[in-house]
Amino acid sequence: MQKVTPFFSIIIPVYNAKKLLPIMLDSINAQSYGNYEVIIIDDCSEDCTLDIAKNYSTKDARISFLRLAKNGGVSNARNEGIKLATGKYSLFWDADDWVDSECLKTYYRYLSDESVECLITGAIEEYKDHNVELVPSFNDIQKKASLVPILMDLEKKALVGYCWNKVFKTEVIKKYNIQFREMPMNEDFEFTLDFLDHVNNVVVVDRAFYHYRLDQSSSLTKRYVEEFYEIHRKKIQYYLNYINNNNPNYFDVSLETLRPIYLRYILSSVARTFSQNSSFNNQTRQKYVERIFQDDLFRIMRLNKDKIYSNTEIIYWPVIKRKVNLTIMYARVVVFVQSNMGSLFSRIKQIR
């Protein structure tokens, strides 16, 4: 009997996910659309995650698993999953999240004729005491030429930089050897823009099915990444290059969206210098902020004219005015609020 080609390949990298992986797998099993395969990539878990994967695969032939020989990180695990994917479309979901039961059925309705290469939806941010639904403002098939304004709208709602709210045509991924890069963060973002460089039709759906679990209790200072500013600077530059290559007439309008995002990255990078794992002191912190204010990107983003362009930017006044000590004080307040008033901080984050 000939094996039916799955329409969807759901790739799930896992590492020590024994508590939450069953929730994700149960939400997949509850889907009202059933032509899919699930590929679990175990990145050398040290708990019973592998046993859970084996148990689910025994009960459901659509679920398979691969245990890697050595721990290589989420990007490597996803890349290994791509090699095994046989579905027409690939999805990259995380083990600690879950999806609504109508998710795949809705995706299939938009993708069934296989003319669309990428589908983008909203997401539901799940906090301990509340959730926030983020959905695109558009609901239509978009051509490549119109993607820049679409991406700017999505970026306002932080919907570009993740892979789990998107569906990618597997053929395109494999044809152009699009891979997740090994980096501390933003690997989803670069994968997405690399992919969009090779497509013509993208459908945007103004609904949200994916529940993204957020831990509001974890402090910024506990998640210290030394290259945080450089990584996010690169993200902004990636956007600018993409805009110049695909819709340069939209450059000035795009800056209105990207400026407050860049300002947020600056403030967040300064906040992370207070991490217990960082080597910053008062003197090196001041020099760090001064170097950021001298960055050419600061000029390109038109932040060297001390002008506040929107109400959203007002909260970044110390950064725009390049007040080094005030920026540091402001960052310290951000750290305090995030560490001690997580619920309040999560709501403030929604000001985008």
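Which residue's side chain is joined to that of N201 by a polar contact of 2.7 Å? In this predicted model, the partner is K143. The legends below begin with the whole chain and return to this contact in a later view.

**Figure 1. Overview of the predicted protein chain.** The chain contains 14 helices and 10 strands. Of its 352 residues, 54% are buried. Among contacts with a separation of 6 or more, 79% are between residues 24 or more positions apart. No part of the structure holds a disulfide, as the search returned zero.

**Figure 2. The largest nonpolar core and a second, separate one.** In soluble globular proteins, nonpolar side chains tend to be buried together. The largest nonpolar core in this model has 107 residues, and the members that touch the most others are F8, I12, W93, Y107 and L111. Helix 9, spanning residues 251-271, is the element that gives the most to this core, contributing 11 residues.

**Figure 3. Surroundings of F8.** Beyond residues up to four places away in sequence, F8 touches Y33, N35, Y36, E37, G87, Y89, L91, L104, Y107, Y108, L111 and V167. Y107 and L111 in this list also belong, with F8 itself, to the residues that touch the most other members of the largest core.

**Figure 4. The buried and exposed sides of helix 2.** Helix 2 comprises residues 49-59, of which T49, L50, I52, A53, Y56 and S57 are buried. These residues lie on the same side of the helix, because the arc they cover around the axis is only 160°. Their packing partners are strand 1 (8-14), helix 1 (21-29), strand 2 (36-42) and strand 3 (63-67). T58 and K59 are exposed on the other side of helix 2.

**Figure 5. The polar contacts of N201.** N201 is located in strand 10, which covers residues 201-213. With a relative accessibility of 14%, N201 is buried, because the cut-off for that class is under 20%. A polar atom of its side chain lies 3.2 Å from the backbone oxygen of S115. The side chain of N201 also makes the 2.7 Å polar contact with the side chain of K143. Apart from neighbours within four places in sequence, the residues in contact with N201 are S115, V116, E117, C118, I141, Q142 and K143.

**Figure 6. The hairpin of strands 6 and 7.** Strand 6 (residues 118-126) and strand 7 run antiparallel and are joined by four bridges. The hairpin between the two strands passes through four residues. Strand 7, residues 131-134, has V132 and L134 on a covered face and N131 and E133 on an uncovered one. L134 of the covered face stands opposite A123.

**Figure 7. M329 in helix 13.** Helix 13 spans residues 324-340 and includes M329. The relative accessibility of M329 is 52%, so this residue counts as exposed. P318 is 11 residues from M329 in sequence, and the distance between their C-alpha atoms is 9.4 Å.

Note on methods: Residues numbered from 1 in each chain as written. Predicted model: local features only at pLDDT ≥ 70, side-chain atom pairs only at ≥ 80, totals over all residues. Heavy atoms only, no water. Disulfide = S-S within 2.5 Å. Buried < 20%, exposed > 50% of the residue type's maximum accessible area, 1.4 Å probe, protein only. Arc of directions from axis to C-beta. Contact = heavy atoms within 4.5 Å. Polar contact = N/O pair within 3.5 Å; in protein donor to acceptor, adjacent residues only side chain to side chain. Pairing = 2+ DSSP bridges. Core = buried A, V, L, I, M, F, W, Y, C linked by side-chain atoms within 4.5 Å.
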